[in-house]
Amino acid sequence: MAGFRSLAYQVRDARNDRALRRHSLRRCLERFAPYGHRATWWHLCDRHGIAPEDRGADPLRLVAALEELEDARAVWLEYERQFAARRRREKHDGVRRPEWAWGGSGDAVVRCVDPGVRPDGTLGEVLRRLVKALESEPGTACPVCGEQELRWPPAPAHGAWAGAWAWDGPVCGGCGIVVPRPALADTVLAHPAVVLPASAGAA
């Protein structure tokens, strides 16, 4: 199975036809899609003037979209590296493992419940805001857009993967992301103000 870097090379390779280069970019999202696969694809298409179903998209636009995705991935990989180093130090000092940690494998870092409602700015800018929040004291608003209205999803169904729920928090009423719980203060986590209907969709 091709990795992110191999797929990125295929996107840039001028010897490949447009359909293959577009397909390779879509496959990059299987390795890293910070908003979720569909929401990230729509974001890249909107920002770089690519029709979502166009299999003959302009290669220059595809490469520009790839560069934005690569920048965001670099931001997150550096955060993961620093997080892992910090955990090693904490374990050495006898600090218990935290209850949360992003699982990797291309999972959404800032999942968008509605793929059509996404934060402003590039993926890298959004992830830098998130990382800054995760490395600071937990707050009471969305770490990406500052919105105070946070709406809670229903409790996970029986048997749902516990790791996802440990990371996922309320949905921001402004930019539409699922705010990671580690970025929020205990007062927010303990007193959800509004609960989303059970029919709310996922990215």
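The structure is a predicted model, in which local features need pLDDT of at least 70 and side-chain atom pairs count only at pLDDT 80 or more, while totals for chains, interfaces and linings use all residues. Residues are numbered from 1 along each chain as its sequence is written, and side-chain values use heavy atoms, with hydrogens and water left out.

The protein contains seven helices and four strands; these are DSSP runs numbered from the N terminus, with helices (H or I) of at least four residues and strands (E) of at least two. Their order from the N terminus is α-α-α-α-α-β-α-β-β-α-β. The protein has 203 residues, of which 42% count as buried. Buried means under 20% relative accessible area, exposed over 50%, and partly exposed in between, with a 1.4 Å probe and protein chains only. Of the contacts (heavy atoms within 4.5 Å) between residues at least 6 apart in sequence, 65% join residues at least 24 apart.

Helix α1 spans residues 4-12, and its buried residues are Phe4, Leu7, Ala8 and Val11. These residues lie on the same side of α1, because they cover an arc of only 100 degrees around the axis; the arc is that of the directions from the helix axis to the C-beta atoms. An α-helix has 3.6 residues a turn, so residues three or four places apart point the same way. Arg5 and Tyr9, on the other side of α1, are exposed.

Helices α2 (residues 18-31) and α3 (residues 37-48) pack at an angle of about 135 degrees, and their axes are 9 Å apart. Axes are lines fitted to C-alpha atoms, for helices over the stretch in contact, and angles run from 0 to 180 degrees between N-to-C directions. The two helices α2 and α3 are therefore oblique to each other, since angles under 35 degrees count as roughly parallel, over 145 as roughly antiparallel, 65 to 115 as roughly perpendicular and the rest as oblique. In the contact, Arg22, Leu25, Arg26, Leu29 and Glu30 of α2 meet His37, Thr40, Trp41 and Leu44 of α3.

Leu127 is part of helix α5 (residues 123-134). Its relative accessibility is 0%, so Leu127 counts as buried. Leaving aside residues up to four places away in sequence, Leu127 touches Phe32, Pro34, Ala72, Val75, Trp76, Val109 and Val110. Leu127 and Trp76 are 51 residues apart along the chain, and their C-alpha atoms are separated by 7.0 Å.
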